[in-house]
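Student: I would like to learn how to read helix packing and nonpolar cores from a set of coordinates. Could we work through an example together, one feature after another?

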Amino acid sequence: MTDYNASTLIDGCRQLNLSLSDKQIAQFVRYYEMLTEKNKVMNLTAITEWEDVLKLHFLDSLLVCRAADLSVQSGPKKVLDLGSGAGFPGIPLKIAFPQLDLTLADSLNKRVLFLEEVIQELGFENIRAVHARAEELGHRPEHRQQYDLVVSRAVANLSSLCEYCIPFVKVGGQFIAYKSTDIDTEFNAAQSAIRILGGSSRPVLSLPLPETDVERSFVVIEKKKNTPDRYPRKAGTPSRDPLS
C-alpha cells in the first residue's frame with residue numbers, strides 16, 4: 001500500500017472533534033484506492049488527487065456531524081444516504097461513526113456494485129447498498145418513514161430533493177441536505193414543499209469546511225408528521241415538476 005500522508009484528514013477531523021483510530025485511517029486510505037482505481041473505468045468523481053479527496057469528499061462528508069448529533073449515546077440509529085453515488089457522504093460517515101446502521105441507495109446499478117465492493121473490502125457491519133429509484137423505494141414499507149436521519153449530497157433542486165428524501169424519515173427524525181452557500185432563493189422556494197411533505201425547516205446552517213477556504217450549507221428539516229401517501233410521485237415527476 002502506498003504511504004499516504006493523512007495529516008490533512010486527521011487535522012480536519014480534530015477540528016470537527018473527531019478522533020480517528022489507525023484502523024479508520026487505513027479504511028479511508030483503502031477507500032481512496034478503490035475509488036480512484038474504479039474511476040479509471042467508470043465515472044465516479046472528477047476529484048481524484050489525494051489531498052483534494054480528503055478535503056472535498058471525506059471532510060466534506062463528515063462536516064454534517066456539526067449539523068446533527070451522530071454520537072453513540074444519542075445519535076441516529078438508522079441512517080439513509082440517498083443518491084449515494086460513489087459513497088458520499090455515507091462511506092466516510094460509516095468509517096467515522098461505525099455504530100450507524102446505514103443504507104446507501106442509488107439508481108445506477110454499477111455504482112451500487114462498487115459500493116458493495118467497498119462494504120466487503122472495508123469489513124463493515126450493519127450496512128447495505130440498494131439499487132432503486134427514490135420514487136419507488138420511498139413507497140416500500142421497509143424503507144418508508146423508517147429512518148432517524150436521511151442525508152443527501154445529490155445535486156438536485158431542494159424542492160425535488162425534499163420529495164425524494166422526506167418520505168423516508170420517521171416522525172421526529174431529520175433530513176439534512178448538503179448544499180452550496182448560495183441557497184437562499186432555493187431554500188425559500190422549497191418551504192411549501194417541506195410543509196406538504198410533513199417537515200419543518202430550521203434556518204440554513206453555513207459552516208467552514210476544515211482545511212479549506214470553502215463554506216458548506218446544510219438544510220436541516222425536522223419531520224413533524226407523516227408524509228401523505230401520494231408522495232413521492234411517480235418516477236421523474238419530482239424533478240420535472242417540483243412541488244410549490
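**Helix packing and cores**

Tutor: In this predicted model, the axes of H2 and helix H3 (residues 50-62) approach to within 12 Å, crossing at roughly 115°.

Student: Which handedness does the crossing of H2 and H3 have, left-handed or right-handed?

Tutor: The crossing in which H2 passes H3 is right-handed. On the H2 side the contact is made by Phe28, Val29, Tyr31, Tyr32 and Leu35, while H3 contributes Trp50, Val53, Phe58 and Leu62. Sorted by class, the contact of H2 with H3 holds nine nonpolar residues, with no polar and no charged ones.

Student: How should I read the nonpolar cores, and which residues touch the most other members of the largest one?

Tutor: The general idea is that in soluble globular proteins nonpolar side chains tend to be buried together. Here the largest nonpolar core has 55 residues, of which Phe58, Val64, Ile91, Leu93 and Ile176 touch the most other members. H2 supplies the largest share of this core, seven residues. If neighbours within four places in sequence are left aside, Val64 is in contact with Leu70, Leu93, Val151, Ile176, Tyr178 and Phe218. There is also a second, separate core of 30 residues, which includes Leu80, Val150, Cys162 and Ala190.

Student: Why does Glu33 count as buried?

Tutor: Glu33, which lies in helix H2 (residues 22-38), counts as buried because its relative accessible area is 16%, and buried means under 20%. Between Glu33 and Thr48 the C-alpha to C-alpha distance is 9.8 Å, with the two 15 residues apart in sequence.

Note on methods: Residues numbered from 1 in each chain as written. Predicted model: local features only at pLDDT ≥ 70, side-chain atom pairs only at ≥ 80, totals over all residues. Heavy atoms only, no water. Helix = DSSP H or I, 4+ residues; strand = E, 2+ residues; numbered from the N terminus. Buried < 20%, exposed > 50% of the residue type's maximum accessible area, 1.4 Å probe, protein only. Axes fitted to C-alpha atoms, helices over the stretch in contact; angles between N-to-C directions. Left-handed = near helix turned anticlockwise from the far one by under 90°. Contact = heavy atoms within 4.5 Å. Nonpolar A, V, L, I, M, F, W, Y, C, P; charged D, E, K, R; others polar. Core = buried A, V, L, I, M, F, W, Y, C linked by side-chain atoms within 4.5 Å.
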